[in-house]
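Here is a short briefing to read alongside the sequence and the model. Keep both open as you go through the points.

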Amino acid sequence: TLGEIAKSLGRAKLVETGDAGGYEARICYRVPAGVINFLSGEMGGPDHHLLGFGVSGKDPTQPCTQFPASRAPKTLNLAGLRLSMSKVEFARLVATKVQWEGNIGRAFLESKRPMTPTELNGLPNDVKEATLSGKMQNYFDVVVSVVGTFSGNKLVAFTVWRVETL
């Protein structure tokens, strides 16, 4: 949860925006190379389960906590995704179709994750029975979205979200 992250990395202000499907909760930390945001949304529930994270360049207007120096990442590079890369590099790296709206590129990666026995047993009885009888799916749909924001042809921020639905 965002609270557990704040407990581990240092108290951070919870910033909440939007409502319903557009709701977003975040806490942020400054590192030498920029800002790291930890994100939750409507599906993260009242405990703000971690659903995503974001990286951006330095922004002195964001109310962010300093990341613990001893644990701060040296670079803001995630599996090759890094600030200042070009739109072409971004599209090549995400390796799926990118939907472009001006300077924002969105990529969606979809998969299915089988339910664990514990998850299946935790379902309400009617849903569990429907799942076991094959009337309902026995897996979660998983969508990972990668959203890049560009200024000119340089990546200035990106967010990665992971959401599972039944």
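**Pocket, salt bridges and a few residues to look at**

The largest pocket has a volume of about 160 Å³. This is a predicted model, in which local features need pLDDT of at least 70 and side-chain atom pairs count only at pLDDT 80 or more, while totals for chains, interfaces and linings use all residues. Residues are numbered from 1 along each chain as its sequence is written, and side-chain values use heavy atoms, with hydrogens and water left out.

**The largest pocket**

- On a 1 Å grid over the protein atoms alone, a pocket is an open set of points where a 1.4 Å probe fits, with protein on both sides within 12 Å along at least five of seven lines. The volume is the space filled by probe spheres set on the points, which are joined across faces, edges and corners.
- Its lining (residues with an atom within 4 Å of a point) consists of Gly21, Gly22, Tyr23, Glu24, Gly41, Glu42, Met43, Leu51, Trp161 and Val163.
- Sorted by class, that lining has five nonpolar, three polar and two charged residues; here Gly counts as polar.

**Ser40**

- Ser40 sits in strand β3, residues 34-41 (strands are DSSP runs of E with at least two residues, and helices are runs of H or I with at least four, numbered from the N terminus).
- Is Ser40 buried or exposed? Ser40 counts as buried, because its relative accessibility is 0% (buried means under 20% relative accessible area, exposed over 50%, and partly exposed in between, with a 1.4 Å probe and protein chains only).
- A polar atom of the Ser40 side chain lies 2.7 Å from the backbone oxygen of His49.
- Leaving out residues up to four places away in sequence, Ser40 touches Leu2, Tyr23, Glu24, Ala25, His48, His49, Leu51 and Trp161 (contact means heavy atoms within 4.5 Å).

**Salt bridges**

- The structure holds six salt bridges, each a side-chain nitrogen of Lys or Arg within 4 Å of a carboxyl oxygen of Asp or Glu.
- Side chains of opposite charge can pair when their charged atoms come close.
- Lys112 pairs with Asp141, with the closest N and O atoms 3.3 Å apart. Lys112 lies in strand β9 (residues 104-114) and Asp141 in strand β10 (residues 139-151), so the pair ties together parts that are 29 residues apart in sequence.
- Lys112 is exposed at 54% relative accessibility, whereas Asp141 is partly exposed at 23%.
- Arg106 and Glu101 form another salt bridge, their closest N and O atoms being 3.6 Å apart. Arg106 is partly exposed at 25%, and Glu101 is exposed at 58%.
- In the salt bridge between Arg162 and Glu164, the closest N and O atoms are 2.9 Å apart. These two residues also belong to a network of salt bridges with Arg113 and Glu119.

**Thr165**

- Thr165 belongs to strand β11, residues 154-165, and is partly exposed at 31% relative accessibility.
- Beyond its neighbours within four places in sequence, Thr165 is in contact with Met43, Gln137, Phe140 and Asp141.
- Thr165 and Lys112 are 53 residues apart in sequence, yet 9.6 Å apart in space, C-alpha to C-alpha.

**Positive phi values**

- Ala79 has a phi near 50 degrees, a positive value in a residue other than glycine. Ala79 is in the loop between β6 (77-78) and β7 (81-82), and is exposed at 71% relative accessibility.
- Ala95 has a positive phi as well, near 55 degrees. Ala95 lies in the loop between α2 (87-94) and β8 (98-101), and is exposed at 66%.

Note on methods:
Polar contact = N/O pair within 3.5 Å; in protein donor to acceptor, adjacent residues only side chain to side chain.
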